[in-house]
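Here are my notes on this model, in numbered points. Please read them beside the coordinates.

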Amino acid sequence: MLDNLRVVLVNTSHPGNIGSAARAMKTMGISQLVLVDPQEPVDGRATAMAAGAVDILANVKTVPTLAEAIADCQLVIGTSARSRTLQWPMLAPKEAAAKLFAEGQGAQVALVFGRERTGLTNEELQQCQFHVCIPANPEYSSLNLAMAVQTLCYEVRQAWLADLTTEPLVVEAEPLAYPSQAELEGFYHHLERTLTQVGFLREDHPGQVMNKLRRLYNRARPDSVELNILRGILTAAQRASGHEKNS
């Protein structure tokens, strides 16, 4: 399961922070690191801070966008240290770790960390099914990037260790198959296009409707079969309104 957990760092400002995060990951047995548009590439400063975790840096993947970093992930949890105008499903660290452990046994999952100073943007947070916040001292809640990575990776490892010492549960039903992030994004684009075509959304002034619909569907977590049903409904609505399918 730990091999299926992807730590994603967005737009890091200093290579040393990448190295420190890699070291934090390795101490918890997590090795998959993805960088999204780092301001500086991995270099000697990152290697120095990584100590014995240079193997993680050697295998790091760098991509230009968060969407590309998480496209094949079934579950994406973003870190958020501040309240947002549009509330999103929020998890405590242990809850986030439990979800990552459960779904990471059979699929790729991701834990996303934002910029050192400003965190993740609202647009980036909307690409995550859940948000997690570390309940630090409100009078001094300043955690550096490596500390945040260490704390949440530790919680995942604790969930993994607890499973090793627990008798496996007998589950009769097949586990749900959830869509990848790329498939979810395809659905959201299809939904927005259809709502515009049938006159529910104004193309020149969509407002906050799509953001609220994203929150609704992220909260509901449709599985792959349910998502296909929803897309079928959208296609039928397009056909009935005289618009050809373009999804």
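1. S1 and strand S6 (residues 109-113) run parallel, joined by 5 bridges. Strands count as paired if DSSP finds at least two bridges between them. Val7 faces Leu111 of S6. Strands are DSSP E runs of at least two residues, helices H or I runs of at least four, numbered from the N terminus.

2. The model is predicted: local features need pLDDT of at least 70, side-chain atom pairs count only at pLDDT 80 or more, and totals for chains, interfaces and linings use all residues. Numbering starts from 1 along each chain as its sequence is written, and side-chain values use heavy atoms, without hydrogens and water.

3. S1 also pairs in parallel with strand S2 (residues 32-36), again through 5 bridges. Val10 has Val36 as its bridge partner in S2.

4. Strand S1 (residues 5-10) has 6 of its 6 residues buried, so the rest of the structure largely encloses it. Buried means under 20% relative accessible area (1.4 Å probe, protein chains only). Leu5, Val7 and Leu9 point one way; Arg6, Val8 and Val10 point the other.

5. There are 2 aromatic pairs; rings of Phe, Tyr and Trp (its six-membered ring) pair with centres within 6.5 Å, and planes under 30 degrees apart are stacked, over 60 edge-to-face, the rest tilted. Phe187 and Tyr188 have ring centres 5.5 Å apart and planes at 50 degrees, so this pair is tilted. Both Phe187 and Tyr188 are buried. For Phe187 and Tyr217, the centres are 5.0 Å apart and the planes at 85 degrees, so the pair is edge-to-face. Phe187 lies in helix H8 (residues 181-197) and Tyr217 in helix H9 (residues 209-220), 30 residues apart.

Technical notes
Buried < 20%, exposed > 50% of the residue type's maximum accessible area, 1.4 Å probe, protein only.
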